[in-house]
Amino acid sequence: MSTVTVAKKDFKAARRSKLLWAAAVLLGLIAAFVGYVSGNASGTDAEQVRSLFRALTLILGILLPIVALVASYLAIAGEREGGGIKFLLSLPNTRRDVFVGKLLSRNGIVAGGVGFMYVAAVSTALTRHGAFPAGVVFGTLLVTLVYGSTFVSVALAMSSAAASRSRAIAGAFGTYFLLVILYVFPVVQVSRIARWVHTTVLGADPNPDLYNAVQYTSPYLGYRKAVNLVLPADMRQVVFISSVPDEVSYGSAEANEALPLYLQDEFSVVVLAVWLVGPLLIGYLLFRRADLE
Amino acid sequence: MPSIRTNGLTKRFGESVVAVDDLDLTIEDGEIFGFLGPNGAGKSTTINMLLDFIRPTEGSAQVFGMDAQAEAAAIRDRIGVLPEGYGFDDYLTGREYMKWAVETKDAADDPEELLDLVGIADDADRVADGYSKGMQQRLAFGMALADDPDLLILDEPSTGLDPNGIQHMRSVIRDRADSGTTVFFSSHILSEVEAVCDRVGVMNEGRLVAMDSIEGLRESANGRASIELTCAEAPSVDGVADIDGVAEVDVAGAKLTATCTDPKAKVEVVKRVDRRTEVVDILADNTSLEELFNQFTGGGRDGDGDVPAGEAVERGDSREVSA
């Protein structure tokens with residue numbers, strides 16, 4: 001299997017990167033710190049550990065895209081600029097082998113980083129609370145790995161489209177800004193931009209569902225809503241407050257069902273799936289067509 | 001079945017740059033073919049199209065009768081490549097790179113033997129990125145040899161090698177060719193091609209300007225030897241032009257220049273002139289393959305682009321003084 005050989009070599013080289021190990025250790029420390037700090041809330045041990053993992057997903061929502069983009073943005077652009085691609089494609093590998101091999105190994109690297117965080121967080125939780133709510137731990141882990149994969153897909157697509165390192169870097173920065181920053185900071189939020197265009201430029205009546213739907217196109221919000229799927233009902237976060245009808249209380253279990261289908265937590269599966277597959281298809285088609293000088 | 005065949009192979013970059021222009025090339029099974037040309041002649045572009053690194057604008061290329069683009073994977077199973085512009089930029093040792101090549105080719109080779117064959121067994125535990133250019137070239141050559149390919153495609157293989165390395169690489173190439181491997185070998189150095197190849201194609205500005213065996217080229221080259229005699233006083237032309245193998249005699253002041261179709265005629269020219277006038281200096285211009293190469297390619301990047309007809313191009317290092 002050429003794909004596996006490509007992935008193995010890529011992973012082997014990555015394992016020797018001191019920078020990568022430093023990053024993994026840093027991630028572990030962050031998770032341990034979160035575990036330590038979150039230990040002072042009220043509630044039973046199991047509840048505290050659940051809220052620890054919810055807090056971890058909030059951090060991962062912003063942090064993991066950086067990890068995934070940094071780990072993957074050079075996957076193909078770096079080989080093209082550095083000349084490694086000449087060996088990869090002189091040997092009996094197809095372009096698909098190279099693309100899929102890189103996809104596997106970079107996903108492995110990102111999963112390794114997430115694994116570090118989870119080991120640290122679980123250790124802290126066990127030491128401080130002696131509780132291991134398996135459903136929440138493995139549920140958030142699964143959702144987090146999928147979230148990380150979406151950014152690996154995006155970064156790999158960028159890397160395939162960029163013929164050089166510098167363009168790949170620009171692509172990674174741009175991606176993070178467009179897909180994460182614009183959804184986090186209140187001042188420059190996508191929903192506000194959508195609202196402004198809709199009401200001021202087009203002169204229509206405000207429609208919160210529409211703005212929320214526009215926001216929901218980002219993997220970041222997809223992740224936050226997907227986390228709800230694996231949390232107990234009383235711990236879910238209401239992300240689209242403006243779309244919840246007035247008569248339904250935010251904290252209630254009905255808050256999600258009261259939303260239009262395309263704004264519900266379950267729809268996050270579609271959002272993440274599109275981000276997982278779409279960029280890969282585009283990236284692969286670009287790479288297949290590219291002249292590799 | 002030919003190992004390589006191109007039909008009207010053309011590659012344009014953008015609107016104006018024609019890197020390879022309507023190339024028809026056939027490399028027969030088992031031959032060592034030298035692909036010669038100055039920098040930027042289109043050699044690497046041609047090779048990159050054979051390997052499906054880049055795609056032709058027009059025309060097609062076949063390796064072992066398979067389309068270079070559609071059946072790239074099947075082709076790669078049977079070839080060994082020393083590419084240009086490669087890089088060992090993963091943090092892996094020479095041995096690990098070699099093992100990777102052997103594993104990817106699913107070859108039965110012992111990586112240690114290959115490392116030893118190309119002379120880097122002692123440095124195999126070092127990270128390949130830290131190798132000198134010559135050592136990287138050896139490693140890349142060794143990787144190309146894995147799985148005893150039916151066709152070796154070597155792009156400027158001697159780059160960065162020391163003279164011993166070049167000698168050794170030549171003998172390995174000949175060994176492989178003797179056991180049936182076809183070798184396609186690009187170079188801008190004529191002597192290298194001359195030493196190894198059965199047949200030569202000369203590229204210039206994207207076009208194939210000559211295609212012949214080494215003997216054939218040598219014969220055309222031998223037609224153009226000249227000798228220049230500086231005499232104590234103006235020499236007489238009488239009788240010199242009648243010598244067998246002398247095509248033309250020209251006297252300017254104290255200098256007599258004879259152009260010979262047969263190089264052996266030069267000695268006779270010296271004897272004939274010396275009988276009558278004192279010869280002070282002799283400059284024999286052995287028109288070599290190199291000059292022929294220069295004529296084919298108009299001097300490459302350093303020439304004025306004109307292809308001079310028939311006259312020897314002056315080049316200091318190919319002249320020899322025999323007195």
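Colleague: How many residues does the contact take from chain B and from chain A?
Modeller: This is a predicted model, in which local features need pLDDT of at least 70, side-chain atom pairs count only at pLDDT 80 or more, and totals for chains, interfaces and linings use all residues. Residues are numbered from 1 along each chain as its sequence is written, and chains are lettered from A and ligands numbered from 1 in the order in which they are written. Two residues are in contact if their C-beta atoms, placed from the backbone, lie within 7 Å. On that criterion the contact takes 21 residues from chain A and 22 residues from chain B.

Colleague: Which element gives the largest share of the side of chain B that touches chain A?
Modeller: Helices (H or I, at least four residues) and strands (E, at least two) are DSSP runs, numbered from the N terminus. The elements giving two or more residues to this side are α2 (72-76) and α3 (94-104) of chain B. The largest share, four residues, comes from α3(B).

Colleague: In what order do the four strands of the open sheet in chain B lie?
Modeller: Strands count as paired if DSSP finds at least two bridges between them. β1 (residues 4-13) and β2 of chain B pair in the antiparallel sense over seven bridges, and B:K11 stands opposite B:V20 in β2(B). The edge strands, each pairing on one side only, are β2 (17-27) and β5 (66-67) of chain B. The pairing in the sheet is antiparallel, and the order is β2-β1-β4-β5.

Colleague: At about what angle to β1(B) does helix α1 of chain B run?
Modeller: Axes are lines fitted to C-alpha atoms, for helices over the stretch in contact, and angles run from 0 to 180 degrees between N-to-C directions. Helix α1 (residues 43-50) of chain B lies across β1, β2 and β4 (58-63) of chain B. Its angle to β1(B) is about 115°.

Colleague: How many helices and strands does chain B have?
Modeller: A residue is buried if 20 or more other C-beta atoms lie within 10 Å of its own, with C-beta atoms placed from the backbone. Of the 323 residues of chain B, 43% count as buried. Chain B has 10 helices and 15 strands.

Colleague: What is the radius of gyration of chain A?
Modeller: Chain A has 13 helices and zero strands. The radius is taken over C-alpha atoms, and the globule rule is 2.2 Å times the number of residues to the power 0.38. For 293 residues the rule gives 19 Å, and the value for chain A is close to that, so chain A is as compact as a globular protein of that length, at 21 Å.

Methods. Buried ≥ 20, exposed ≤ 12 C-beta atoms within 10 Å, placed from the backbone.
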